Structures are given as C-alpha cells and as structure tokens.
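Let us learn to read a structure, one feature at a time.

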Amino acid sequence: MRWLEMGAAYFLVALFAIGVFDLGLSLYELLVSGRFTDPNAVIDLIDTVLLLLIIVEVFQTVIAFSRNEPVIRIVINAALIAIARKVISYRPGEYASIEDAFVAAGSFTLLLAVLILAFFVIRQVDIEPLESEL
C-alpha cells in the first residue's frame, strides 16, 4: 500500500509540473497575442492556477494519509479551492436554461456556505493523530 501511495504522490508531482509548464505557455501566448486584457482569458488563467492549487492539496492529502496524520483540514481546503474555481469560472450562458443556471448557482452557494462552516468548525477543533495509529 505504501508503494501505491508514493506512486500517487509522484504522479501528482508530475501533473503539477506539466500544469506549471502549461500555465507558462498560456501566459506567454496571452502576452504575445495581446489578449492579456481579455477577461475570459484571464479567468481561464486563474482557473489553471486554482487547478494547480487543488493538485497541491491532493498531494498533501496523500502524504498526510501515508503518515497517518489527519486529512480533514486538507480535504476541506481542497474542496474550498475547487468550489472557488467553479464560482470564478461560472458562466450562466453555458447552461441549457436560466433555471439550470440558477440551480447551479444555488448549489455552488450552498456548497460554499457548508464548506466555510466546516472550515471554521475544524479550525476550532484540535485534531491530533490517533496514538494507536502511530
């Protein structure tokens, strides 16, 4: 199992490196083409950065899990970043109807509120690794 965890961690590092390279290429293309003032292009760039942050959080989750450390804070952080990514890149025009767009927006709002509440609750609770697992 340890080898599988380490394999997943190395895979995430490789994905992160590819993502950083892709981000650099995208930024270069924006600067060369002069589209760096296009709001949609900037949002796509922010989307890529947030995706890289999610990869970092998942990597931290794998490492913490392999060390028998608590992972709930890391998972909530990753979920917050993921929902923030969805909110930032939200485009109502991508939905089939206005009702679908409102349902998606309401779902994002509810999920974000629950995750923020969970974030503050977890910050208030001191989670220690279980002594029996060490």
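Q: How many aromatic pairs does the rule give here?
A: Start with the rule. Rings of Phe, Tyr and Trp (its six-membered ring) pair if their centres lie within 6.5 Å; planes under 30 degrees apart are stacked, over 60 edge-to-face, and the rest tilted. By this rule the count is three aromatic pairs. One of them joins Tyr90 and Phe108, edge-to-face, at 6.0 Å centre to centre with 90° between the planes. This pair links distant parts of the chain, 18 residues apart: Tyr90 lies in the loop between α3 (72-88) and α4 (98-124), and Phe108 lies in helix α4. Helices here are DSSP runs (H or I, at least four residues), numbered from the N terminus.

Q: Can I trust these positions, and how are they numbered?
A: This is a predicted model: local features need pLDDT of at least 70, side-chain atom pairs count only at pLDDT 80 or more, and totals for chains, interfaces and linings use all residues. Residues are numbered from 1 along each chain as its sequence is written, and side-chain values use heavy atoms, with hydrogens and water left out.

Q: Is Phe108 buried or exposed?
A: Use the cut-offs. Buried means under 20% relative accessible area, exposed means over 50%, and partly exposed is in between (1.4 Å probe, protein chains only). Phe108 has 15%, so Phe108 is buried.

Q: Which residues do ring pairs link into a cluster?
A: Follow the shared partners. Tyr90, Tyr95 and Phe108 are linked into a cluster by ring pairs.

Q: What salt bridges does a search of the whole structure find?
A: A salt bridge is a side-chain nitrogen of Lys or Arg within 4 Å of a carboxyl oxygen of Asp or Glu. The search finds four. One of them joins Asp47 and Arg85, at 2.9 Å from N to O. That pair links distant parts of the chain: Asp47 is in helix α2, Arg85 is in helix α3, and they are 38 residues apart. Asp47 counts as buried because its relative accessibility is 18%. Arg85 has 21%, so Arg85 counts as partly exposed.

Q: Why does the span of α1 agree with its number of residues?
A: The expected span of a helix is 1.5 Å times one less than its number of residues. For the 32 residues of α1, that should be 46 Å; the end C-alpha atoms are 46 Å apart, so the two agree.

Q: Which residues of α1 are buried?
A: First, the general idea. An α-helix has 3.6 residues a turn, so residues three or four places apart point the same way. In α1 the buried residues are Glu5, Ala9, Leu12, Gly19, Leu23 and Leu30. They pack against α2 (39-66); contact means heavy atoms within 4.5 Å.

Q: What comes just after α1?
A: Look at the backbone angle. Gly34 takes a positive phi of about 80° there. Asn68 also has a positive phi, about 60°, although Asn68 is not a glycine. Asn68 lies in the loop between α2 and α3. Its relative accessibility is 35%, so Asn68 counts as partly exposed.

Q: Which residues form a nonpolar patch on the surface?
A: Patches are made of residues with over 30% relative accessible area and no salt bridge: like charges are joined within 9 Å, nonpolar side chains (Val, Leu, Ile, Met, Phe, Trp, Tyr) within 5 Å. Here Leu27, Leu31 and Phe36 form one, with about 290 Å² of accessible area together. Such areas come from the Shrake-Rupley method with a 1.4 Å probe; for residues, only the protein chains shown count as cover. Leu31 is in helix α1 (residues 2-33). Its relative accessible area is 53%, so Leu31 is exposed.

Terms used. Helix = DSSP H or I, 4+ residues; strand = E, 2+ residues; numbered from the N terminus.
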